[in-house]
Amino acid sequence: MQNILKALTLNINIMKDLIGRWKISELKTFDAKTDKMIWINVTEAMKNPDVDEDIKQSASAIFEFGKDGKMDIMFEIPEDAKEEVDAAVAAGECSLRDGLLVAESFDWKIENGKPMYDSKTEGEILGEKVNPWVELEETPDGYEIMTFRIVKM
């Protein structure tokens with residue numbers, strides 16, 4: 001009983017820590033000089049002409065982990081895209097929250113003391129079904145998710 005209570009307390013504490021908004025502090029990108037994937041600070045990435053523009057744009061994402069088990073990836077709306085976004089919202093193609101565009105939603109959970117998200121990956125590898133649930137790796141100041149390192153806002 002004590003082990004179950006301890007595990008439950010750990011899960012609750014992780015959940016409390018995770019709930020809220022997170023911004024990207026570093027992103028993983030290809031370094032042509034070393035032919036390797038490297039982590040680069042977002043501020044440095046924005047100044048670096050070798051970093052792809054799509055990657056730079058994705059670096060402005062805000063991750064919001066909700067109490068409802070949903071993780072939303074959101075973006076500020078550029079001035080020149082407001083009309084287009086308003087039309088997409090009216091058509092039910094996307095939604096807004098607090099003036100931010102909700103680009104995509106994922107389920108998340110705590111399992112065995114580990115925060116995880118549903119990557120929506122499907123298929124098989126060597127005849128075995130792929131598990132879509134991916135662990136968020138803990139970093140000294142936040143978590144690693146997808147190709148991003150995020151920190152609490």
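I call a residue buried when its relative accessible area is under 20%. I am working on a predicted model.

Thr29 first. Is Thr29 buried or exposed? I found a relative accessible area of 8%, so Thr29 is buried. I located Thr29 in strand β1, which covers residues 20-31. I then listed its contacts, leaving aside neighbours within four places in sequence. They are Lys36, Met37, Ile38, Ile40 and Ile55.

Next, the strand pairing. I see β1 pair with β3 in the antiparallel sense over four bridges. Trp22 has Phe63 in β3 as its bridge partner. I also see β3 pair with β4 (residues 70-76), antiparallel, over four bridges. There, Phe63 has Ile73 of β4 as its bridge partner.

I checked the hairpin of β3 and β4 too. Four residues lie between the strands, and Gly69 takes a positive phi near 80°.

Which residues of β3 are buried on each side? I noted Ile62 and Glu64 on one side, Phe63 and Phe65 on the other. Both faces of β3 (residues 62-65) are covered. In a regular strand, side chains alternate between the two faces of the sheet.

Last, the whole chain. I count four helices and 13 strands. Of the 153 residues, 35% are buried. The C-alpha trace spans about 55 × 45 × 40 Å along its principal axes. I logged 19 positive and 32 negative side chains, with the centres of the two sets 7 Å apart. The accessible surface is about 10400 Å², and 51% of it belongs to carbon and sulfur atoms.

Methods: Residues are numbered from 1 along each chain as its sequence is written. This is a predicted model: local features need pLDDT of at least 70, side-chain atom pairs count only at pLDDT 80 or more; totals for chains, interfaces and linings use all residues. Side-chain values use heavy atoms; hydrogens and water are left out. Helices (H or I, at least four residues) and strands (E, at least two) are DSSP runs, numbered from the N terminus. Buried means under 20% relative accessible area, exposed over 50%, partly exposed in between (1.4 Å probe, protein chains only). Accessible areas come from the Shrake-Rupley method with a 1.4 Å probe; for residues, only the protein chains shown count as cover. Lys and Arg count as positive and Asp and Glu as negative; His and the chain ends are not counted. The place of a charge is taken as NZ of Lys, CZ of Arg, CG of Asp or CD of Glu. Contact means heavy atoms within 4.5 Å. Two strands pair if DSSP finds at least two bridges between them.
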